Amino acid sequence: MQLYMSKEFIKILFLMFFVFVLSRAEAENLRDTYSVTGYIKDASTGEDLIGAAIYIPEISTGVVSNVYGFYSITLPKGNYTFNVSYLGYLRKSLKIDLKGNIQLNIDMEPLSQSLEEVVIEGEKANRNVADIRMSANILQMEAVKALPAFMGEIDILKTLTLLPGVSSTGEGSTGFSVRGGSVDQNLILLDEASVYNASHLMGFFSVFNADAIKDVQLFKGGIPANYGGRLSSVVDVRMKDGNYKKYEGSGGIGTISSRLTVEGPIQTDVSSFLVSGRRTYADLFLYLSTDTNLRGNQLYFYDLNAKANYRIDNNNRLYLSGYFGRDVLSLGEDFKIGWGNSTSTFRWNHVFNSKIFSNFSLIYSNFDYMMGFKSGSTNFDWKSDIQAFNFKYDFTWFLNTNNTIKFGVHSAYHNFNPGIIEGSGEESTFEKLEMPTSNALESALYLLNEHNLSDNILVEYGIRYSIFQSIGPTTVYQFDENYNVTDTIQFGKGDFYNTYHGPEPRLGIRYLISDNQSVKASYNRMLQYLHQTIFTEMSSPLDIWFPSSPNVKPQIANQYAIGYFRDFLNNEVNFSVEAYYKTIENQIDFKEQANVILNPLLEGEIRTGDAWSYGLEFLLKQSKGKLTGWLAYTWSRTYREIPGINQGKPYVSNYDKPHDLSIVLSYDISPRINIGASWVYHTGKPITLPIQRYEYMGTIVPVFGEKNSTRLPDYHRLDVSATILTSLRKDRKWKGSWNISVFNAYNRKNPYSYFFRQNADNPYQQDPYMVYLFGIVPAITYNFKF
């Protein structure tokens, strides 16, 4: 296999080696220091706890467990107090007499199983202020489950749109834009595997079953160097490991779907499993219809999450997880369409010694869709898919209390099959059409260090160097300045015919003004080599992915952010305000009336230019007590300037929403009853309207004005819910609760899209019509645990 080696790439290798030697020399100079390492776990299930905090008052510092629950801290010889805390768990205080290296696994006791305080983030008492991370949020599943849900379906991605800087792309859609970026500029991971289409039923539901999810982290800026490949955000979703102590189950029966999760030990405290399934069943009622045409129709989706884990010893653990989901829509025998994701992840955690933790991963991701049409001689089947085979090797070096170094190597082999369409059945005369396939190798090295310079100053600096290599077989088309094909070049199997590469520096700084307030700043540069055709609000499986090529340069983003963070009332109320400015080079858009469906000359429909966005984000959050929730407000603007679009003049992007406000509340009326509400408001979506029309061969043809120069009416909606526990008895094996929710409680008719129709009396007049999707949508769900 070939590997492109540039001067910059060699510099990165040298830098990594230099830091290694320098840090090693510093470590050798440390005298009489010892390490305390171990895992922080749930005492009742054995699940590893992500982000659990250990605070050591004797030195006014601490450590946080990583995504596998592992922690390590090096201290001088002496006596210490370890104060351990995690959201939803009893705080624990441990006395440590440190005379040598210690391996200390910590079990945390969960709080009462009754309705608890809902917190969206902040396992550490002052994490909002003290943490280096800004432009980031952590979702807790208890917070997500307490919110009103569309048709009773708890949705992680829709919850993200209630946070500042994140906006929904349309009514009911799971698609989201982060700080003005497009949907394909969000990297969505499930146990490290890329999810290329995170929606069900054309975007109304996400692929994530909350019963199988342990942790969700969102990065909007200041993105660590171990992440790359997208410009706007990272959504890192981690599945539960499964109960290591006992067998248990949970699930729910709802208005539109039901779900069931079963987990338990394979060998107590050594290995565990989890299996979680979900399916909608609206189509089952079609069989009861008196209309025979409806009985043969299908409309449903299903999910299956599975995971198994094995603790070989204290230094070695194995994980194997997978996700399989599919949507099916058919209208009798005449039309059918199906699409779905499948992922699998194998991971090996290894602790080399008290200071070095590693994770080795092999990952597979796939998204495919098919469409079939039967109509006599035009019968055809259309199939398309994208696959990725990933390799990752990540290391964490807990050098000392002031330095935590992370480094690693990532590589992914991508296969793009944009479409094969061929006749089906003996009667079909449809000629086979096959789009050119393509392959690519995307690799990266990264190095970062979280460096505590003083009691007040914490810095995280790092760099990622990425390389993207196009691989045959394929056909590359060459275009002139008018995008007409001038030549074609054929590349054989295994030919490396194009390479892009570049550095991606990252920097984060936190200055602690006092124990309850700080200032943070960050910078990150991101390169994106994979792109997607996106034309509608609704998530469509026909939105194909395509790679950078000789005709399509990678998109490059530079983002700068600064923020002020403050805690009030003994850290129970958190406030933050952030300002950001982001620029994008080689921003992709498509010419007007572009042909992207089964077009082998797709690259000729693409136009590239510059984009920029800026804004202010405010977040006020109450995290403890009977009344919890948050208020999030974003003021932002997003522009593009692309030659060949809007006459080359700047225009606001489809994701420009100057004002975006979310108010989320949850109140415990009693230990058994909780009520919740969320209210959202944002500026209407930009649209392009016709300003003139003319007649051509008896047809009225509209002439459109400047791109996105008008807006739909402003959007606002109220959702409410109530959760009622059936019993508070802790000795009951079966525990149930009812969730009643109402989507769009005051029946706001929010416009989804618009169209024009010729007036029946005056053919020269076009009347506008707006499409509304949802009125009041009530739902009821019975949830249970056993």
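**Close-up views of a predicted model**

**View 1. Salt bridges of the chain.** In this predicted model, where a salt bridge requires a side-chain nitrogen of Lys or Arg within 4 Å of a carboxyl oxygen of Asp or Glu, the count comes to 30 salt bridges. One of them pairs the side chains of arginine 317 and aspartate 48, with an N to O distance of 3.0 Å. This pair links distant parts of the chain, 269 residues apart, since arginine 317 belongs to strand 22 (residues 316-331) and aspartate 48 to the loop between strand 1 (33-42) and strand 2 (53-56). Both arginine 317 and aspartate 48 are buried.

**View 2. Aspartate 236 with arginine 238, and lysine 707 with glutamate 592.** The salt bridge between aspartate 236 and arginine 238 has its closest N and O atoms 3.3 Å apart, and both aspartate 236 and arginine 238 are buried. In the salt bridge of lysine 707 with glutamate 592, the closest N and O atoms are 3.9 Å apart. Because lysine 707 lies in the loop between strand 45 (699-704) and strand 46 (710-711), and glutamate 592 in the loop between strand 37 (573-590) and strand 38 (606-622), the pair ties together parts that are 115 residues apart in sequence. Lysine 707 counts as buried, at 17% relative accessibility, whereas glutamate 592, at 51%, counts as exposed. Elsewhere, salt bridges with shared partners join Glu47, Asp191, Glu192, Lys214, Asp241, Lys307, Arg347 and Lys392 into one network.

**View 3. The surroundings of threonine 634.** Threonine 634 is placed in strand 39 (residues 627-641) and, with a relative accessibility of 5%, counts as buried. Its side chain reaches the backbone nitrogen of glycine 165 at 2.9 Å. Leaving aside residues up to four places away in sequence, threonine 634 touches Pro164, Gly165, Leu616, Glu617, Pro658, His659 and Asp660.

**View 4. The nonpolar cores.** The largest nonpolar core holds 35 residues, of which Leu160, Leu190, Phe208, Ile213, Val216, Val235 and Trp630 touch the most other members. At least two residues of this core come from each of helix 3 (141-145), helix 4 (156-160), strand 11 (176-178), strand 12 (186-190), strand 16 (213-219), strand 17 (233-239) and strand 39. Isoleucine 213 has contacts with Met141, Ile156, Leu190, Val237, Arg238, Met239 and Lys240, again without counting residues up to four places away in sequence. Another core, of 31 residues, lies apart from the largest one, and its members include Met371, Trp382, Tyr500 and Ile606.

**View 5. Isoleucine 724 in its strand.** Isoleucine 724 lies in strand 47 (residues 715-725) and counts as partly exposed, at 28% relative accessibility. From isoleucine 724 to isoleucine 740 there are 16 residues in sequence and 8.6 Å in space, C-alpha to C-alpha. Beyond four places in sequence, the residues that isoleucine 724 touches are Arg672, Ile673, Gly736, Ser737 and Trp738.

View 6. Glycine 472 and proline 473 are joined by a cis peptide bond, with omega about 10 degrees, and proline 473 lies in the loop between strand 29 (457-471) and strand 30 (474-479). Asparagine 571, found in the loop between strand 36 (555-568) and strand 37, has a phi near 70 degrees, a positive value in a residue other than glycine. Leucine 598, which is likewise not a glycine, has a positive phi of about 50 degrees and lies in the loop between strand 37 and strand 38. Leucine 598 counts as buried, at 17% relative accessibility.

**View 7. The whole chain and its confidence.** The secondary structure comes to five helices and 51 strands, and buried residues make up 55% of the 786 residues in the chain. The radius of gyration of the chain is 27 Å, which agrees with the value near 28 Å that a compact globule of 786 residues would have. Along the principal axes, the C-alpha atoms fill a box of roughly 90 × 65 × 50 Å. Among contacts between residues at least 6 apart in sequence, 65% join residues at least 24 apart. The mean pLDDT is 88, and 91% of the residues reach 70 or more. Over residues 1-5, however, pLDDT stays under 50, and the model has 11 contacts for them beyond four places in sequence. Over residues 113-124 pLDDT also stays under 50, with 49 such contacts in the model. Where pLDDT is low, the predicted coordinates should not be read in detail.

Key:
Residues numbered from 1 in each chain as written. Predicted model: local features only at pLDDT ≥ 70, side-chain atom pairs only at ≥ 80, totals over all residues. Heavy atoms only, no water. Helix = DSSP H or I, 4+ residues; strand = E, 2+ residues; numbered from the N terminus. Buried < 20%, exposed > 50% of the residue type's maximum accessible area, 1.4 Å probe, protein only. Polar contact = N/O pair within 3.5 Å; in protein donor to acceptor, adjacent residues only side chain to side chain. Contact = heavy atoms within 4.5 Å. Core = buried A, V, L, I, M, F, W, Y, C linked by side-chain atoms within 4.5 Å. pLDDT = per-residue confidence, 0-100. Rg over C-alpha atoms; globule rule 2.2 N^0.38 Å.
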